[in-house]
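Please read the sequence and the model side by side.

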Amino acid sequence: SGQVRGLCGTFNGDQRDEFTTPEGDVEPGVAAFANAFRAAGACPALGPGIPDPCDAFPGSRERAEAACAVLMGPAFQ
């Protein structure tokens, strides 16, 4: 607790700073936060709306839900 930062948040009990960028800024929205971690030229910047990844990869929803269930399970509570 309190020793992590990045795309998984800060895990310090304060949800107001979960979108802290590598530069230490706190972004108000998901797209700006995600773009702060984007490698230059590696992928396009996200716009204001985040696309649903399941729309781009049909058939992967079940696999994604199973992976997320692990993160929501007792090991991470």
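The side chains of Asp14 and Arg16 form a salt bridge, with 3.0 Å from N to O. The term covers a side-chain nitrogen of Lys or Arg within 4 Å of a carboxyl oxygen of Asp or Glu. By this rule there is one salt bridge. Side chains of opposite charge can pair when their charged atoms come close. Asp14 is partly exposed at 25% relative accessible area, whereas Arg16 is exposed at 70%. Here buried means under 20% relative accessible area, exposed means over 50%, and partly exposed is in between, with a 1.4 Å probe and protein chains only.

The model is predicted, so local features need pLDDT of at least 70 and side-chain atom pairs count only at pLDDT 80 or more, while totals for chains, interfaces and linings use all residues. Residues are numbered from 1 along each chain as its sequence is written, and side-chain values use heavy atoms, with hydrogens and water left out.

Next come the aromatic side chains. A pair of aromatic rings is described by the distance of the centres and the angle of the planes. Rings of Phe, Tyr and Trp (its six-membered ring) pair if their centres lie within 6.5 Å; planes under 30 degrees apart count as stacked, over 60 as edge-to-face and the rest as tilted. How many aromatic pairs does a search of the whole structure find? The search finds two. Phe19 and Phe33 make a stacked pair, 5.0 Å centre to centre with 25° between the planes. Phe19 lies in the segment before helix H1 (30–36) and Phe33 in helix H1, so this pair ties together parts that are 14 residues apart in sequence. Helices (H or I, at least four residues) and strands (E, at least two) are DSSP runs, numbered from the N terminus. Phe33 is buried, with a relative accessible area of 5%, whereas Phe19 is partly exposed at 29%. Phe33 also pairs with Phe37, edge-to-face, at 5.2 Å centre to centre and 70° between the planes. Phe37 is partly exposed, with 30% relative accessibility.

The C-alpha atoms of Phe19 and Ala31 are 10 Å apart in space, and the two residues are twelve apart in sequence. Glu18 is also in the segment before H1 and is partly exposed, with a relative accessible area of 22%. Between the C-alpha atoms of Glu18 and Pro28, which are ten residues apart along the chain, the separation is 9.7 Å. Thr20 lies in the segment before H1 and is buried at 14% relative accessibility. The side chain of Thr20 reaches the backbone oxygen of Asp17 at 2.6 Å.

Most residues other than glycine have a negative phi. Phe11 belongs to the segment before H1 and is exposed, at 54% relative accessibility.

A record gives context for this part of the chain. The UniProt annotation "domain: VWFD", from an unreviewed entry, covers residues 1–44. UniProt positions are given in the numbering used here, feature names are shortened, and annotations may be inferred rather than shown by experiment. The end C-alpha atoms of residues 1–44 lie 32 Å apart, and the span is 16% helix and 0% strand.

Is Ser60 buried or exposed? Ser60 counts as buried, at 18% relative accessibility. The side chain of Ser60 makes a polar contact with the side chain of Arg63 at 3.0 Å. Such a contact is a pair of N or O atoms within 3.5 Å; within protein, one must be able to donate a hydrogen and the other to accept it, and residues adjacent in sequence count only if both atoms are side-chain atoms.

Val70, Leu71, Met72 and Phe76 form a nonpolar patch with about 470 Å² of accessible area together. Patches are made of residues with over 30% relative accessible area and no salt bridge; like charges are joined within 9 Å, and nonpolar side chains (Val, Leu, Ile, Met, Phe, Trp, Tyr) within 5 Å. Accessible areas come from the Shrake-Rupley method with a 1.4 Å probe, and for residues only the protein chains shown count as cover. Val70, one of the patch residues, is found in helix H3 and is exposed, with a relative accessible area of 53%.
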